[in-house]
Amino acid sequence: MISTDTAEFRTQLRAWLDENDLTPPPGTHSLDAHIQQFFRVQRALYDAGWNRYGWPEHAGGLGGPDILRAVVGEEVVGRRLAEPGPYSMLEVLTPTMIDYAPADLAAEMVPRLLSGEELWCQGFSEPGSGSDLASLTTRATPRGDQWVINGQKVWTSFAQFSQRCILLTRTGDADTPSHQAITAFFVDMDTPGITVRPLETMHGVDEFCEVYFDDVVVDAGRMLGKPGDGWQLAMDLLPYERSSCFWQRIAYLYSRFDELIGIVKGLGTASDSDLGEVYLALHTLRCRSRATQHRLASGQRLGPDTSIDKVLLAGAEQQFYDTVRDLLPSVIELDDSEWRTEFLYSRAATIYGGTAEVQRNIIARRLLELGKE
């Protein structure tokens, strides 16, 4: 019998993970391999019930406190059984489906995501609408009981592996205020008219994609919420991106920090201050994120305060990998290793999920009430 007491749940989960070897196969560091490993882990967790806890029963979960999801994510990612990127999509998109989709659609689809049967992506950013999301131009036009979608998205993570997309579009006429003219849809990625083009970044991984929508027909029953609810959906989704997802990423960074300590002890290249500063940054981030997880678990609605989490994450991640570069001479520059790939990826920490500049503006205007100047 699995306990829903947080401490006992963690103890039981750790024992189960010790008994069930889900370690990735050796030498598989490609994005394709990471996705397949993610599916493998999700299937095993779902069959045993672990990753159904913390989700409501009406959507295929087993109930229990939301904090149990954070426990599962921390243990799985902290053990390097799954990468934080694919795993994060669960915490971003599942709450959105539960809150905004018709109940029967959520009950049908959420178990597919939790079980690793499917992966979903998030169609928000556009070439001219990144941080300024309200200016998006992908348009959905009504046609009877259907909507016809035309436009382009970019920086869509894992779109080439995804079966579904939570998509923001513009609806309404020219007189409709921007924030009231955004509507969300749940779109099947194999719908005719959708073209996915992976983008390889400087760290050599094609995690992001361009996605084109040319006369894509979607049934009205796939609308999430009502016409014009898209902006509120995005505002509800983004705090999950900057809270629940970060808990797994922090676990990943701690696991890499432990590896770094083991390496530099053997090399004798680090002082206590080098590692101490990184630990302080990671621990500060973890303390902040822990408070956020507990607020989320208690039913509080997250808002602009999660921008603080995002600023701390970006700073800690970049400081950590800058320290890796300093303590492992030439590894970043010359070796084709995970350290090099991760260092390059960390450069985007102040961009993805909302740029550092935008997050600081949110903190200044909406939390400190400093105004626009």
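Predicted model: local features only at pLDDT ≥ 70, side-chain atom pairs only at ≥ 80, totals over all residues.
Local features here need pLDDT of at least 70, and side-chain atom pairs count only at pLDDT 80 or more, while totals for chains, interfaces and linings use all residues. Residues are numbered from 1 along each chain as its sequence is written, and side-chain values use heavy atoms, with hydrogens and water left out.

## A helix pair

Start with helix α3 (residues 67-78) and helix α4 (residues 84-100). Helices are DSSP runs of H or I with at least four residues, strands are runs of E with at least two, and both are numbered from the N terminus. The axes of α3 and α4 lie 10 Å apart, and the helices pack at an angle of about 170°. That makes α3 roughly antiparallel to α4. Axes are lines fitted to C-alpha atoms, for helices over the stretch in contact, and angles run from 0 to 180 degrees between N-to-C directions. Angles over 145 degrees count as roughly antiparallel, under 35 as roughly parallel, 65 to 115 as roughly perpendicular, and the rest as oblique.

Which residues in α3 and α4 meet? From α3 come Arg 69, Val 72, Gly 73, Val 76 and Val 77. From α4 come Pro 84, Tyr 87, Glu 91 and Pro 95. Contact means heavy atoms within 4.5 Å. The residues of this contact divide into six nonpolar, one polar and two charged. Here Ala, Val, Leu, Ile, Met, Phe, Trp, Tyr, Cys and Pro count as nonpolar, Asp, Glu, Lys and Arg as charged, and the others, Gly among them, as polar.

Arg 80 lies in the loop between α3 and α4. Its phi is near 60°, a positive value in a residue other than glycine. Is Arg 80 buried or exposed? Arg 80 counts as buried, because its relative accessibility is 17%. Buried means under 20% relative accessible area, exposed over 50%, and partly exposed in between (1.4 Å probe, protein chains only).

## Cavities and a pocket

The structure holds two cavities of 30 Å³ or more. On a 1 Å grid over the protein atoms alone, a cavity is a set of points where a 1.4 Å probe fits but cannot get out; a pocket is an open set with protein on both sides within 12 Å along at least five of seven lines; lining residues have an atom within 4 Å of a point. Grid points are joined across faces, edges and corners, and a volume is the space filled by probe spheres set on the points.

| Space | Volume | Lining residues by class |
|---|---|---|
| Largest cavity | about 70 Å³ | four nonpolar, three polar, three charged |
| Second largest cavity | about 60 Å³ | seven nonpolar, one polar, two charged |
| Second largest pocket | about 310 Å³ | eight nonpolar, three polar, five charged |

The lining of the largest cavity includes Asp 66, Arg 69, Glu 91 and Leu 296. Helices α3, α7 (244-267) and α8 (272-297) each give two or more residues to that lining.

The lining of the second largest cavity includes Trp 50, Arg 69, Tyr 87 and Glu 91. Two or more residues come from α3 and from α4. Helix α4 gives the most, with three residues.

The second largest pocket is lined by 16 residues. Asp 66, Pro 95, Asp 99, Tyr 240 and Leu 296 lie nearest its centre. The elements that give two or more residues are α4 and α6 (230-241).

## Further along the chain

Helix α11 (residues 338-346) has buried residues Trp 339, Glu 342, Phe 343, Leu 344, Tyr 345 and Ser 346. What covers them includes α7, α9 and α10 (331-334).

Thr 323 sits in helix α9 (residues 306-327). Thr 323 is buried, because its relative accessible area is 11%. Leaving aside neighbours within four places in sequence, Thr 323 is in contact with Asp 274 and Val 278.

Gly 221 is in the loop between β7 (208-219) and β8 (223-224). At 48% relative accessibility, Gly 221 counts as partly exposed. With neighbours within four places in sequence left aside, Gly 221 is in contact with Pro 102 and Leu 105. How far apart are Gly 221 and Thr 323? They are 102 residues apart in sequence and 50 Å apart in space, C-alpha to C-alpha.

Glu 369 is found in the segment after α12 (356-367). Phi of Glu 369 is near 55°, a positive value in a residue other than glycine. Glu 369 counts as exposed, at 66% relative accessibility.
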